[in-house]
Amino acid sequence: MTTQELHSEPRARVGGGWTSALALACLGLYMAFLTPIQVLLAEQIDAIDPAGKELALGWATGTGALVAVVANPLAGALSDRTGGRFGRRRPWILGGAVAGAAGLAVTSAQTTVVGVTLGWCLAQLGLNAMLAGTSAVVPDQVPVGQRAAVSGWIGIPQTLGLVVGALLVTMVVTSTAAGYLLLALLVVLCALPFVVLTRDPRDPGDPRDPGDPRVPREARRARVRPGDFLVNPRTHPDFGWAWLTRFLVMLGNAIGTLYLLYFLKDAVRHPHPDEGVLVLTLLYTAGVVVTAVAGGVVSDRWGRRKVLVSVSSVVMGAASLLLTFWHTWPVAMAAALLLGLGFGAYIAVDQALITQVLPSAGDRAKDLGLINIANSAPQVLGPALAAPVVAYAGGYAGLYLTSALVTVLGGILVWRIRSVP
């Protein structure tokens with residue numbers, strides 16, 4: 001970072017109310033993101049095409065993730081350039097929630113694989129616009145020494161959202177369509193407190209701030225050009241390594257979790273695989289809750305990020321190794337808990353690390369959108385890798401071995417980052 005960008009870093013600590021409101025918005029967001037992938041889409045496609053469900057689910061989730069790859073950095077770049085009385089981030093958080101809800105409603109009414117895929121793509125457009133806003137408010141308003149702890153609090157909804165969402169769509173509503181509609185309502189309601197009750201302050205330290213009245217109107221309304229999305233890894237190598245390591249860890253996670261429902265059904269022979277997914281998700285979430293905030297607090301106080309990222313990646317890899325060799329229900333439960341313990345610390349500390357290697361304070365949302373490609377692109381590549389491994393390279397044992405190797409590799413390569421301890 002330049003001296004000017006260092007001065008633009010926030011210094012005032014955020015309070016519990018601010019963090020709670022953001023966590024609630026993230027809870028609604030991740031309920032809408034993850035519950036369809038893990039439960040609703042799988043059930044809907046299984047009912048439409050039971051014989052080809054694996055391939056169809058891969059196409060639906062992969063195409064949606066491909067939309068996310070484009071939508072997230074685009075929404076982020078537009079957010080960076082948004083001005084006016086409502087700020088840069090809040091219009092995109094609320095607008096994205098409404099658009100995502102519309103996409104979920106459309107998906108709920110589909111009776112073909114193509115229709116499900118198109119509806120899910122529409123939902124991805126809106127939800128990724130919301131994600132662009134919620135991601136950027138942390139480096140916008142949270143000081144470096146508090147970021148891992150705050151990232152831990154907002155990381156918990158990434159798994160808690162799936163638990164709450166799964167409970168709602170399996171125990172509260174009685175149909176897949178009703179499940180989509182309930183999630184659509186909740187994503188908007190959960191966004192409102194943060195949008196209504198918190199400020200979206202200008203960044204006076206950054207003269208590119210589109211909300212700063214001192215910036216000429218034409219600069220605030222600058223068009224988004226293709227070159228704006230490029231970050232040269234030679235010029236910003238730490239950003240490049242942070243992107244690659246996040247991509248590898250999330251790819252390992254995508255490979256290992258995409259076919260979880262089918263793994264319980266076909267390999268573990270669980271009598272009620274839907275309920276089994278819920279139990280494993282609860283165990284996984286318990287692990288995340290234990291380590292997310294605690295890992296973040298330790299990292300903030302210790303001032304070190306990379307060692308905790310590496311250790312947590314190895315823990316997640318160990319969870320996948322358990323499923324490589326033992327396809328039993330007790331081992332699946334142990335692996336879920338272990339995976340949660342690793343992921344909780346990882347997502348808190350790695351997110352804080354990433355905010356410290358962003359190339360420009362004026363392009364935070366766009367650059368975090370590029371990082372979010374590392375979260376969504378594995379949903380595209382994951383099915384392309386997982387399906388042939390399951391079919392031709394060792395079945396589920398080969399699948400989870402691949403997951404372990406890719407995840408650990410991501411944890412090793414984080415040491416190539418030089419500017420963050």
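The structure is a predicted model, in which local features need a pLDDT of at least 70 and side-chain atom pairs count only at pLDDT 80 or more, whereas totals for chains, interfaces and linings use all residues. Residues are numbered from 1 along each chain as its sequence is written, and side-chain values use heavy atoms, with hydrogens and water left out.

The average pLDDT (the predictor's confidence in each residue, from 0 to 100) is 88 for the protein, and 91% of the residues score at least 70. Residues 1-7 have a pLDDT below 50, and this stretch makes nine contacts in the model beyond near neighbours in sequence; contact here means heavy atoms within 4.5 Å. Residues 203-221 likewise stay under 50 in pLDDT, with 35 contacts in the model beyond four places in sequence. Where pLDDT is low, the predicted coordinates should not be read in detail.

The largest nonpolar core contains 109 residues. Such a core is a set of buried Ala, Val, Leu, Ile, Met, Phe, Trp, Tyr and Cys residues joined through side-chain atoms within 4.5 Å. Buried denotes under 20% relative accessible area, exposed over 50%, and partly exposed the range in between (1.4 Å probe, protein chains only). The members that touch the most others are Trp-18, Leu-22, Leu-104, Met-130, Phe-194, Phe-263 and Phe-343. Helix 2 (residues 16-48) gives the most to this core, with 18 residues; helices (H or I, at least four residues) are DSSP runs numbered from the N terminus.

Beyond residues up to four places away in sequence, Leu-22 touches Thr-134, Val-137, Val-138, Ile-154 and Phe-194. Ala-23 lies in helix 2 and counts as buried because its relative accessibility is 16%. With neighbours within four places set aside, Ala-23 is in contact with Trp-153, Ile-154 and Pro-157. The C-alpha atoms of Ala-23 and Trp-153 are separated by 6.6 Å, although the two residues are 130 apart along the chain.

A search of the whole structure finds eight salt bridges, each defined as a side-chain nitrogen of Lys or Arg within 4 Å of a carboxyl oxygen of Asp or Glu. Side chains of opposite charge can pair when their charged atoms come close. Arg-89 lies in the loop between helix 3 (53-80) and helix 4 (90-108) and Asp-140 in helix 5 (residues 113-141), so the pair ties together parts that are 51 residues apart in sequence. Asp-140 also forms a salt bridge with Arg-364, the closest N and O atoms being 3.3 Å apart. This pair links Arg-364, in helix 14 (residues 364-392), to Asp-140, in helix 5, across 224 residues. Arg-89 and Asp-140 are buried, and Arg-364 is buried too. A network of salt bridges links Asp-80, Arg-88, Arg-89, Asp-140 and Arg-364. Elsewhere, Arg-305 pairs with Asp-300 at 3.0 Å between the closest N and O atoms, and both residues are buried.

Leu-264, in helix 10 (residues 260-268), counts as buried because its relative accessibility is 0%. Leaving out residues up to four places away, Leu-264 touches Arg-269, His-270, Pro-273, Gly-276, Val-277, Leu-280 and Trp-329. Arg-269 lies in the loop between helix 10 and helix 11 (273-302) and counts as exposed, because its relative accessibility is 62%. The phi angle of Arg-269 is near 60 degrees, a positive value in a residue other than glycine. Most residues other than glycine have a negative phi.

Arg-416 is placed in the segment after helix 15 (395-413) and is partly exposed, with a relative accessible area of 41%. Apart from neighbours within four places in sequence, Arg-416 is in contact with Asp-238 and Trp-241. Leu-189, in helix 7 (residues 176-197), is partly exposed at 44% relative accessible area.

Notes
Helix = DSSP H or I, 4+ residues; strand = E, 2+ residues; numbered from the N terminus.
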